[in-house]
Amino acid sequence: MVRIINNQSTGKTRQLLTYAKEHNCVVVCPIPNRMRDKAVRYGLGYIDCISYEDFLNDYKTGTTTEGKYVVDELEKLVMLMFQNGATLEGYCLTTDV
C-alpha cells in the first residue's frame with residue numbers, strides 16, 4: 001500500500017496517478033473526468049477513474065468491481081460515509097502496514 005502524505009500543491013496527485021498507472025489501479029476521486037484529464041496532461045495516458053459516489057454506491061450494493069484501487073483525498077471519501085447529521089471528529093492511522 002502506498003501512502004502519499006504532504007502539503008497542498010506538492011505533487012501528491014501526480015504521484016498517486018503514476019502509482020495507479022504502474023500498478024493498474026482504479027482511481028477513486030471527486031471528479032473522474034478531471035482526474036483523467038490530469039493523467040493525460042502528466043503524460044500517463046488513460047487511467048480508469050470512478051467518483052466517490054459511484055464507488056460508495058457499488059460498495060453498498062455489493063457490485064464493487066474486483067481489482068485494485070487508490071483514493072485521492074481519502075478524508076473526503078470518508079466524510080461522505082457519514083449521513084443524517086453524523087460527523088467524523090477524528091481518526092487514527094497506522095503507517096506500518
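Modeller: One term before we start: a residue is called exposed when its relative accessible area is over 50%, buried when it is under 20%, and partly exposed in between. Also, this is a predicted model.

Biologist: Fine. Asn-24, then: buried or exposed?

Modeller: Asn-24 has a relative accessible area of 65%, over the 50% cut-off, so it counts as exposed.

Biologist: Where does Asn-24 lie?

Modeller: In the loop between H1 and strand E1, which covers 25–29. Its phi is positive, about 55°, although Asn-24 is not a glycine.

Biologist: Why point that out?

Modeller: Because most residues other than glycine have a negative phi. Ser-9 also has a positive phi, near 65°. Ser-9 sits in the segment before H1 and is exposed, with a relative accessible area of 75%.

Biologist: Back up a bit. What is the secondary structure of the chain?

Modeller: Four helices and three strands. Read from the N terminus, the order is α-β-α-β-α-β-α.

Biologist: And what box do the C-alpha atoms fill?

Modeller: Roughly 40 × 30 × 25 Å along the principal axes. The chain has 97 residues, and 24% of them count as buried.

Biologist: Now the largest pocket. How much space lies in it?

Modeller: About 930 Å³. It is lined by 25 residues, and the closest to its centre are Val-2, Arg-3, Ile-4, Val-71 and Leu-74.

Biologist: Which elements give two or more residues to that lining?

Modeller: H1, strand E3 (68–71) and helix H4 (74–80). H1 gives the most, with five residues.

Biologist: How do the lining residues divide into nonpolar, polar and charged?

Modeller: There are 16 nonpolar residues, three polar and six charged in the lining of the largest pocket.

Biologist: Different topic. Which residues make the nonpolar surface patch?

Modeller: Ile-5, Tyr-91 and Leu-93, which together make a patch of about 370 Å². Ile-5 is found in the segment before helix H1, which spans 12–23. Its relative accessible area is 64%, over 50%, so Ile-5 is exposed.

Biologist: Last one, Asp-54. Where does it lie?

Modeller: In helix H3, residues 52–61. Asp-54 is partly exposed because its relative accessibility is 45%, between the 20% and 50% cut-offs.

Biologist: How far is Asp-54 from Thr-64?

Modeller: Their C-alpha atoms are separated by 9.3 Å, and the two are 10 residues apart along the chain.

Definitions and conventions: Residues numbered from 1 in each chain as written. Predicted model: local features only at pLDDT ≥ 70, side-chain atom pairs only at ≥ 80, totals over all residues. Heavy atoms only, no water. Patch = residues over 30% accessible without salt bridge, like charges linked within 9 Å, V, L, I, M, F, W, Y side chains within 5 Å. Areas by Shrake-Rupley, 256 points an atom, 1.4 Å probe, with all protein chains shown as cover. Salt bridge = Lys/Arg side-chain N within 4 Å of Asp/Glu carboxyl O. Buried < 20%, exposed > 50% of the residue type's maximum accessible area, 1.4 Å probe, protein only. 1 Å grid on protein atoms, 1.4 Å probe; cavity = no way out; pocket = protein on both sides within 12 Å on 5 of 7 lines; lining within 4 Å. Points joined across faces, edges and corners; volume = space filled by probe spheres on them. Nonpolar A, V, L, I, M, F, W, Y, C, P; charged D, E, K, R; others polar.
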